[in-house]
Amino acid sequence: MRRILLLLAVLALGACQEVLHRDLSARDAAEIVLVLEDAGIRATRQIGDSNRFTVSVAEADAARALDVLARLGLPREEFQSIDTVFPGDSFIITPTEQQARLTFAINQELSRTISDIEGVVSARVHVVIPERTPYRRSERPASASVAVHHLPSVDTAELADKVRLIVSNAVPDLPFRDVSVAFFETTPPGTLLDSMPDMPSRGGLDLTRLVLMGLGGLLALIGLYAVFLRRGAAR
């Protein structure tokens, strides 16, 4: 009996689920599950409060799953909108604070827009807008720098022109030539398996888990039946 209970405990630990990420949007949760499934890792998502999702994997796969997601920059950063930065119910702020908040909001909106371009994994925009007042106008024009993490299939020359056009048109007095763009290639999901030669195949993982789950359920029933018989004999 003790051996059965010990074996049940071991199987229960092996079947434990570990939460990878919480408070995800439906889109981010679905993307993470799809990427992990393509990498041979079974993942589940559960909906919680306010239609936010949680993604979990088996405890034994947690480290590898986090590595896969980190290589692809997932989950994607959630950018704040102008409505969040300027809620409309704050007290009067100084011109310097207003300028800082406006610049931050522009950075967030542009980062979100560029991140939604096909082939872009993530993007960060940093805009510098010289302070202007009714009494002093800076002679220095605005400038911007953009960091783009992209998939290998992306044409960076074409993407650079798109990014510069988007940013220069969104910021007043920002010349097209003063938008600098840096590109960083990111490993796509399809090649992750090539960099992990020791990883078992997806089908093997599924079959192993099914067998373990079946054995765990069977042993649990045996254990409950043994406890029931023991209690009946005691009576």
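A helix crossing is left-handed if the near helix is turned anticlockwise from the far one by less than a right angle, and right-handed if clockwise. Helices (H or I, at least four residues) and strands (E, at least two) are DSSP runs, numbered from the N terminus. This is a predicted model, in which local features need pLDDT of at least 70 and side-chain atom pairs count only at pLDDT 80 or more, while totals for chains, interfaces and linings use all residues. Residues are numbered from 1 along each chain as its sequence is written, and side-chain values use heavy atoms, with hydrogens and water left out.

**Stop 1: the whole protein**

Color by secondary structure. The protein has seven helices and six strands. Read from the N terminus, the elements run α-β-α-β-β-α-α-α-β-β-α-β-α. Of the 235 residues, 31% are buried. Buried means under 20% relative accessible area, exposed over 50%, and partly exposed in between (1.4 Å probe, protein chains only). Next, consider contacts, meaning heavy atoms within 4.5 Å. Among contacts between residues at least 6 apart in sequence, 67% join residues at least 24 apart.

**Stop 2**

Select residues 53-58, which are strand 3. Six of its six residues are buried, so strand 3 is largely enclosed by the rest of the structure. Which way does strand 1 run against strand 3? The two run antiparallel, joined by five bridges. Two strands pair if DSSP finds at least two bridges between them. Strands of a sheet pair through backbone hydrogen bonds, either parallel or antiparallel. Pick V19: its bridge partner in strand 3 is S56.

R45 stands opposite V55 in strand 3. Strand 2 and strand 3 form a hairpin with five residues between them. Click on S50 in the turn: its phi is positive, about 55 degrees.

Stay here for D23. D23 sits in strand 1, residues 17-24. D23 is not a glycine, yet its phi is positive, about 55 degrees.

**Stop 2: helix 2 against helix 3**

Select residues 26-38 for helix 2 and 62-71 for helix 3. They pack at an angle of about 115 degrees, with their axes 10 Å apart. That makes helix 2 roughly perpendicular to helix 3. Angles under 35 degrees count as roughly parallel, over 145 as roughly antiparallel, 65 to 115 as roughly perpendicular and the rest as oblique. Axes are lines fitted to C-alpha atoms, for helices over the stretch in contact, and angles run from 0 to 180 degrees between N-to-C directions. The crossing of helix 2 and helix 3 is right-handed.

Show side chains. I32, V35 and L36 of helix 2 meet A65, V68 and L69 of helix 3. These contact residues divide into six nonpolar, no polar and no charged. Ala, Val, Leu, Ile, Met, Phe, Trp, Tyr, Cys and Pro count as nonpolar, Asp, Glu, Lys and Arg as charged, and the others, Gly among them, as polar.

**Stop 4**

Strand 5 (residues 143-150) runs parallel to strand 6, and seven bridges join them. Pick A144: its bridge partner in strand 6 is V179.

**Stop 3**

Select residues 95-115 for helix 5 and 156-170 for helix 6. They pack at about 155 degrees, with their axes 11 Å apart. That makes helix 5 roughly antiparallel to helix 6. Their crossing is right-handed. L110, T113 and I114 of helix 5 make the contact with V163, I166, V167 and A170 of helix 6.

**Stop 4: two aspartates**

Finish with D161 in helix 6. D161 counts as partly exposed, at 44% relative accessibility. D161 and V181 are 20 residues apart in sequence and 9.3 Å apart in space, C-alpha to C-alpha.

Then go to D173, in the loop between helix 6 and strand 6. D173 is partly exposed too, with a relative accessible area of 46%. Its phi is positive, near 60 degrees, in a residue other than glycine.
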